[in-house]
Amino acid sequence: MKSTIRTSAPWLQVNVLSNKGMYFEHLFAFADEVLEQADYLYSCAEIEKLHQLLLQYKDSDDAEFLWRLARVTRDVALQPNIDAAQKKQLTFEAFEYAKKALEKNKECFAVHKWYAICLSDIGDYEGIKVKIGNSYIIRDHMEKAIELNPKDATSLYILGFWCFSFAELPWYQQKVAAIIFTSPPKSTYEEALEFFLKAEEVDPNFYSKNLLMLGKTYMAMKDKQKALLWLSKAKDYPARTEEDKEAHKEAVELLKKLG
């Protein structure tokens, strides 16, 4: 219900309403400034500063703050100085922020993307049955993210990773999936490759893990020359984040195996 500001003087009522409009304009402008600052800190990999900034808005109803908070909370959980108990707590906190963001805005591609990522993360603590069960939900949200923004390379990468994971699902997890589901999740290396290549086409060299996964996918497909090409790119990628360092380390190890 809209509230009405009543005054005895019409000119005063107009003035009050005008001031109210100016207040909301100022509020929206301030929010945009904070989001701009948050995106700058993220681009500089200033994880701790970004986390502290966005924690001030953890009770916000604005999905733009909430999905960014989910993302950075997850990033903090992945830092090497975080112990196992802290990592678990932060992982579930990140999911709650992403869940709230989804409740507030279902038309934002980033909300669907980070909800899917955070849901996947908590699956690591809830057992194989839950993790496989969540995989359908994860795929649906990633497909929705791509539908809303076909040019988001990260969403394409994640769907590629989803396909790769089920293409190489261990036999014992396949048996669990077959018991739980009439039609368990399935995919192929070819499907994974399609998404990884599309991500690279949309935004070349955007992410060390995409380069790594291209190399790993070509390895799985027995294409040594292309595997060497992409693993070398992953090895040479500038290591700005912990994920970059992990990708570099794994790429070096795989290149040794390929000779």
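This is a predicted model: local features need pLDDT of at least 70, side-chain atom pairs count only at pLDDT 80 or more; totals for chains, interfaces and linings use all residues.
Guide: Residues are numbered from 1 along each chain as its sequence is written, and side-chain values use heavy atoms, with hydrogens and water left out.

Visitor: Why is Ala 199 called buried?
Guide: Buried means under 20% relative accessible area, exposed means over 50%, and partly exposed lies in between, with a 1.4 Å probe and protein chains only. Ala 199, which is found in helix α9 (residues 189-202), has a relative accessible area of 0%, and is therefore buried.

Visitor: Which residues does Ala 199 touch, not counting residues up to four places away in sequence?
Guide: With contact taken as heavy atoms within 4.5 Å, Ala 199 touches Ala 153, Leu 156, Tyr 157, Phe 206 and Asn 210. The C-alpha atoms of Ala 199 and Tyr 157 are separated by 5.9 Å, although the two residues are 42 apart along the chain.

Visitor: How do you know whether α9 is roughly parallel or roughly antiparallel to α10?
Guide: Axes are lines fitted to C-alpha atoms, for helices over the stretch in contact, and angles run from 0 to 180 degrees between N-to-C directions. Helix α9 and helix α10 (residues 208-220) pack at an angle of about 150°, with their axes 10 Å apart. That makes α9 roughly antiparallel to α10, since angles under 35 degrees count as roughly parallel, over 145 as roughly antiparallel, 65 to 115 as roughly perpendicular and the rest as oblique.

Visitor: Which residues of α9 meet α10?
Guide: In α9 they are Tyr 189, Leu 193, Phe 196, Leu 197, Ala 199 and Glu 200, and the residues they meet in α10 include Asn 210, Leu 211 and Met 213.

Visitor: Why is His 51 also called buried?
Guide: His 51, which lies in helix α2 (residues 47-55), has a relative accessible area of 8%, so by the limit already given His 51 is buried. Leaving aside neighbours within four places in sequence, His 51 is in contact with Leu 69, Val 72, Thr 73 and Val 76.

Terms used
Helices (H or I, at least four residues) and strands (E, at least two) are DSSP runs, numbered from the N terminus.
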